[in-house]
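Q: Hi! I would like to learn how to read a protein structure step by step. Could you walk me through one?

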Amino acid sequence: MSDHHVIRDAEPERAIVIAVWGQGVDGEAELDEMGELLRTAHAVPVGRVVQRRTNPHPRTYLGPGKLDEVRALLAQRSAEVVVCDDELSPQQQRQLENLLDVRVVDRTAVILDIFAAHAHSAEGKLQVELAQLEYALPRMRGMWKHLERLGGGVGTRGPGESQLETDRRLARGRVALLRRRIAETSKHRATMRKRRAASETPSVALAGYTNVGKSSLLNALTGSDVSAANRLFETLDPTTRAYVFAGRAYTMTDTVGFIRKLPHGLVEAFSSTLEETIAGDLILHVADASASEEDRLAQERAVETVLDEIGAASIPRILVLNKVDLLDPLTRRRLANAYPDAVLTAARTGDGLEELEAQIAAFFATRFEAVELLVPHTDGGALASLYALGAPIERDDTPDGVVIRAHLPEAEARRYAAFRTDRGGP
Ligand SMILES: Nc1nc2c(ncn2[C@@H]2O[C@H](COP(=O)(O)OP(=O)(O)OP(=O)(O)O)[C@@H](O)[C@H]2O)c(=O)[nH]1
Ligand SMILES: [Mg+2]
């Protein structure tokens, strides 16, 4: 698949970005984002060619006149690759490469490359490889062009063609293997999650567009040290942290960020991780308060689309507008007025974090009960399982037994009803 790769160790590659905008569409922000993607993939955008038309040209993406423009710009800017802001059909990509005589890469390939470079866990790597193979399969071709010519005649299969068939078969076999492996790891994770769910520790998931500050919020709230950087898709592997606030234990999960036109193959490959990590009790939808309104809304829509796709649409959520430290007071007040239910935060300065914690606590408040228990010394099992819940416990050893004060999830509180001293038994 090396012919789709943008990432190079040496000098960043110089790229001309091409895009098609429908009537009345302003894709400036999206093209800026493409620039960010390219920089993350160690390439530099050195020019752009945009065509206004209702739909991309079916065979060549851009029309013939615009292709001349691209050709001229390639030479003028000494660019060596053309990057398309949309996913190209295999035919479009092939045509463009033939007509322009340079490598042509589409948005999906760029995102796949970044994912490949940022995947650390074994499962993340498998998922990216799966998405890459699915993407490459219909695009496999051309490596044996010189042999293809030997085939020629009607009904004959040249050696080039049969080699391609072999390669495709190998790739399909690998796809099947990857799917099985991913299914196995995700089964294991599902077991872990069930264990967590059984403890009824409330779980909070961070979701949102890439680079909005999800990992920074996780770090600020839980005192962790998850990698946060001004790069797109810094986080790929989900991280779950235990977290105690106002005497209650929670888990908080940070996972991959979303982006407009997130390649479907990636969503599919990552769906098991996403479903399990996002399927918490509460989603914090984190958005960038410092983005323009239009941009932010487009980003929020992209996030909602993916949440929908992975079946998380019905999970309650709190909108968190992060990076408010970048706003002037007036804009900040306007935002607060426009989104009365949202929490304004700045992970960087700690601003608004208390308010966020209070909102999370309020959301779960109905699900917790303050209990006082007297557990007989003979009942070590009950004590052990109480501790296993992970909730902070106040403990007092008395001659009659162990006195416990804790906030327990309602279901757990019921389970220990027989030990309760703060109100009648069952
Ligand atoms: N000014 C400002 N910058 C912030 C804030 N929170 C995060 N950042 C910066 O935004 C960039 C992205 O932060 P991350 O926490 O990595 O964002 P993320 O949402 O986890 O990003 P991905 O993992 O790539 O999806 C980093 O450079 C952070 O330092 C904030 O409240 N204010
Ligand atoms: Mg992150």
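A: Here is a short tour, from the whole chain down to single residues. Keep in mind that this is a predicted model.

Q: How many helices and strands does the protein chain have?

A: The protein chain comes to 15 helices and 13 strands. Of its 426 residues, buried ones make up 35%. Contacts tell you about folding back, too: among those with a separation of 6 or more, 67% are between residues 24 or more positions apart.

Q: What do β6 and β7 form?

A: They form a hairpin with two residues between the strands. In the turn, Ala246 has a positive phi of about 50°. The two strands, β6 at residues 239-245 and β7 at residues 248-254, pair in the antiparallel sense over seven bridges. You can follow one bridge yourself: Ala242 has Thr251 in β7 as its partner.

Q: Which strands make up the open sheet of three, and why is one side of β11 and β12 left without a neighbour?

A: The order is β11-β13-β12, and the pairing is antiparallel. Because β11 (368-375) and β12 (393-398) are edge strands with a single partner strand each, one side of each has no neighbour in the sheet. On average, neighbouring strands here are turned by 15° against each other, direction ignored. Between β11 and β13 (residues 401-409) there are eight bridges, and Val375 stands opposite Val402 in β13. When you look at side chains, remember that in a regular strand they alternate between the two faces of the sheet.

Q: How do I read a helix, and which residues of α3 are buried?

A: Start with the general idea: an α-helix has 3.6 residues a turn, so residues three or four places apart point the same way. In α3 (residues 90-100), the buried residues are Gln92, Gln93 and Leu96. These cover an arc of only 100° around the axis, so they are on the same side of α3. Their cover includes β3 (81-84) and β4 (103-106).

Q: Which residues come nearest to ligand 1?

A: Of the 23 residues around ligand 1, the nearest are Gly213, Ser215, Asn230, Thr235 and Gly257. By type, the shell divides into eight nonpolar, ten polar and five charged residues.

Q: Is Asn211 buried or exposed?

A: To judge this, count C-beta neighbours: 20 or more within 10 Å makes a residue buried. Asn211 has 24 inside 10 Å, so Asn211 counts as buried. Asn211 is in the loop between β5 (203-208) and α8. Leaving out residues up to four places away in sequence, Asn211 touches Asn230, Leu232 and Gly257. Asn211 and Val256 are 45 residues apart in sequence, with 9.9 Å between their C-alpha atoms.

Key
Residues numbered from 1 in each chain as written. Chains lettered and ligands numbered in written order. Predicted model: local features only at pLDDT ≥ 70, side-chain atom pairs only at ≥ 80, totals over all residues. Pairing = 2+ DSSP bridges. Helix = DSSP H or I, 4+ residues; strand = E, 2+ residues; numbered from the N terminus. Buried ≥ 20, exposed ≤ 12 C-beta atoms within 10 Å, placed from the backbone. Arc of directions from axis to C-beta. Contact = placed C-beta atoms within 7 Å. Near = placed C-beta within 6 Å. Nonpolar A, V, L, I, M, F, W, Y, C, P; charged D, E, K, R; others polar. Axes fitted to C-alpha atoms, helices over the stretch in contact; angles between N-to-C directions.
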